[in-house]
Amino acid sequence: MSMSERFLASVSRVATRTVEQGAASWFLATVTAVYASGHVDLTTATGPVTKIRRLRSYGNPQVGDRVVVRRRASGDWVVDGALATASDAWQPLTLRAGHTLTTGPNDAPPSVKKTSDGLVALSGMLAPSGLTTSDSFVIADMPSGIRPQYRGACMCVGDAVSVRIYINVDGTVSARLITGSSPSWISLDGAQCR
């Protein structure tokens, strides 16, 4: 290879590297701090990055979230949102003593999930025991890692009854009869809070 060919190859490599470094790109990162201003701090493979604006769709950032982050050629950064985890799928509720699964072949088991925007939703059916119109009773526990930010109270239905379901910040699910008595089943579908 002649001197001019080596020089042209060297210039070509430098130009290619400069274009690649200046182009917009995306990274995986871990959230290390969350601010009320809509910013987060991140740790990337190349080091920490502070005060990055997040998209509105990433509404419930948590320290430890694995996120997709983009960087423009001008140096601006933005966090797209968290990657899906096992907690994004329906997970079983642990029923407290006296409350059991319903026996219908098409009945969904009592389950919970937390969406990427922080919504905690319940689904499924159970056979409760001891519900009254005067007190609420803990009927189930959510898996660790799934907690709402605020307590929620939702109306659900059962076997000729109306039931108020409470989704509590401590990870418990409580129920209290509003009308009727001694239901053989209640549905958790539709109960949700953030």
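In this predicted model, five strands form a closed barrel in the order 1-2-3-5-4, and their pairing is mixed. From one strand to the next, the twist averages 50°. Strands of a sheet pair through backbone hydrogen bonds, and the pairing may be either parallel or antiparallel. An antiparallel case is given by strand 1, which covers residues 25–34, and strand 2, which covers residues 39–44. Five bridges connect strand 1 and strand 2.

The chain as a whole contains 17 strands and one helix. Its radius of gyration is 25 Å, whereas the globule rule gives 16 Å for 194 residues; the value for the chain is well over that figure, so the chain is more spread out than a compact globule. The dimensions of the C-alpha trace were also computed. Along the principal axes of the chain, the trace spans about 95 × 40 × 20 Å.

Contacts and surface were examined next. Among contacts between residues at least 6 apart in sequence, 56% join residues that are at least 24 apart. Of the 194 residues in the chain, 36% are buried, where buried means under 20% relative accessible area. The chain exposes about 11100 Å².

Methods: Residues are numbered from 1 along each chain as its sequence is written. This is a predicted model: local features need pLDDT of at least 70, side-chain atom pairs count only at pLDDT 80 or more; totals for chains, interfaces and linings use all residues. Side-chain values use heavy atoms; hydrogens and water are left out. Two strands pair if DSSP finds at least two bridges between them. Helices (H or I, at least four residues) and strands (E, at least two) are DSSP runs, numbered from the N terminus. Axes are lines fitted to C-alpha atoms, for helices over the stretch in contact, and angles run from 0 to 180 degrees between N-to-C directions. The radius of gyration is taken over C-alpha atoms; the globule rule is 2.2 Å times the number of residues to the power 0.38. Buried means under 20% relative accessible area, exposed over 50%, partly exposed in between (1.4 Å probe, protein chains only). Contact means heavy atoms within 4.5 Å. Accessible areas come from the Shrake-Rupley method with a 1.4 Å probe; for residues, only the protein chains shown count as cover.
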